[in-house]
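My entries follow in the order I looked things up.

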Amino acid sequence: MFNIGISISPKKSRFGPLLFSGDLNKGLENTRMLGYDGIELSLLDSKDLDCRWLIDKLKMLHLDVHAIATGQTYYNDGYSLFSFEEDKRKKAIERLKNHIDLASRLGSMVIIGGIRGKITEEGKGELEQKDKGELAINECVKYAENKKVIILIEPINRYETNIINTLEEGIKLIEQVGSNNLKLLPDTFHMNIEEKDIYQSLIKAQSYIEYIHFADSNRLSPGCGHIDFKKILTILRKINYKNAVGVEILPKPDDFEAAKKAIAYLRSLEKEFDLQNF
Ligand code: LER
Ligand code: MN
């Protein structure tokens, strides 16, 4: 059985696919009650969090924090790693370093997804902006190496960013940075938009993948769209994937029902798979 987690946020956020947004205690209690193994914590600023309280609560509920998601820094405050404005870039780097500090205490990974922001310049400026962003990523990865934290590059679809849309583009950056602490986070929702063949792309990228986001083609819970999750689970088993799976879905019809539906569907697929291979 895979370790399955769900994305939750202590604060109300502009970013949609998060559950129990604004009520961390309720989010953690429901996550445990529904049978998840852990959470992904979507944070604006790690400094807002009562870390001692969180560690005690996680221990009590036997939950892990698989990863810290960091996109709110861009979606809420407009600070990004590829910002052309130095001040905004520095603020994004500072937030990310604080997330890395927190991750080292929680034993989790840190995601570089939405916090990349967007390339806004053209011509010469575009190249300059790409260089600045890649330098920012290098700086954060070095920081993470010292803290023994894994950073994950999440390719995101073209309607949200123009920096790294496909797994292949993510791998190119990972190779370029050349650190064992930089890995890949495929998200099935984005892959459905960007990849020629989701299933082949996962197989091709297997040695880089350290975590995966599950959402169906419409960003609802797995089983509500047209992505073949049975095939994806089969591939993950075939490539001997041992890490966590993160459910990152819209709270529809509501947070609780969405979370309940996702875990029930994924566990039923796993059961079916085990019976077939008995
Ligand atoms: C985050 O995990 C994600 O999938 C993006 O849509 C936004 O950053
Ligand atoms: Mn995602």
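Predicted model: local features only at pLDDT ≥ 70, side-chain atom pairs only at ≥ 80, totals over all residues.

**Entry: overall fold**

I counted secondary structure and got 10 helices and eight strands. Next I checked the radius of gyration. A compact globule of 278 residues would have a value near 19 Å, and the chain has 18 Å, so the two agree. I took the spans of the C-alpha trace along its principal axes and found about 55 × 45 × 35 Å.

I then looked at burial. Buried residues make up 56% of the 278 residues. For contacts with a separation of 6 or more, I found that 76% link residues 24 or more positions apart.

**Entry: surface and charge**

The chain exposes about 12800 Å². Carbon and sulfur atoms supply 49% of that area. I counted 40 positive and 42 negative side chains. The centres of the two sets lie 2 Å apart.

**Entry: helix H5**

How does the span of H5 sit with the 1.5 Å a residue rule? H5 covers residues 124-147, which is 24 residues, so it should span 34 Å. I found its end C-alpha atoms 35 Å apart, which agrees.

I listed the buried residues of H5: Gly 125, Gln 129, Gly 133, Ala 136, Ile 137, Cys 140, Val 141 and Ala 144. An α-helix has 3.6 residues a turn, so residues three or four places apart point the same way. What covers the buried residues of H5? The cover includes helices H4 (86-106) and H6 (167-177). It also includes strands E4 (109-112), E5 (151-153) and E6 (182-184).

**Entry: Gln 72**

I located Gln 72 in helix H3, residues 72-77. Is Gln 72 buried or exposed? Its relative accessibility is 1%, so Gln 72 counts as buried, the cut-off being under 20%. Leaving out residues up to four places away in sequence, I found that Gln 72 touches Ser 9, Ser 13, Leu 18, Ser 42, Leu 43, Leu 44 and Asp 77.

I looked up two residues here.

Asn 157 is buried, with a relative accessible area of 2%. Which residues does Asn 157 touch, not counting those up to four places away in sequence? I found Asn 165, Phe 189, His 190, Ile 193 and Glu 194. The C-alpha atoms of Asn 157 and Ile 193 are separated by 6.4 Å, although the two are 36 residues apart along the chain.

Ile 164 has a positive phi, near 65°, and is not a glycine. At 10% relative accessibility, Ile 164 counts as buried.

**Entry: Arg 219**

I found a positive phi at Arg 219 too, about 65°. Arg 219 sits in the loop between strand E7 (212-214) and helix H9 (229-238). Its relative accessible area is 7%, so I logged Arg 219 as buried.

**Entry: a cis peptide**

Which residues does the cis peptide bond join? I found Lys 252 and Pro 253, with omega about 0°. Pro 253 lies in the loop between strand E8 (245-247) and helix H10 (255-276).

Terms used:
Residues numbered from 1 in each chain as written. Chains lettered and ligands numbered in written order. Heavy atoms only, no water. Helix = DSSP H or I, 4+ residues; strand = E, 2+ residues; numbered from the N terminus. Rg over C-alpha atoms; globule rule 2.2 N^0.38 Å. Buried < 20%, exposed > 50% of the residue type's maximum accessible area, 1.4 Å probe, protein only. Contact = heavy atoms within 4.5 Å. Areas by Shrake-Rupley, 256 points an atom, 1.4 Å probe, with all protein chains shown as cover. Lys, Arg positive; Asp, Glu negative; His and termini not counted. Charge placed at Lys NZ, Arg CZ, Asp CG, Glu CD. Expected span 1.5 Å × (residues − 1).
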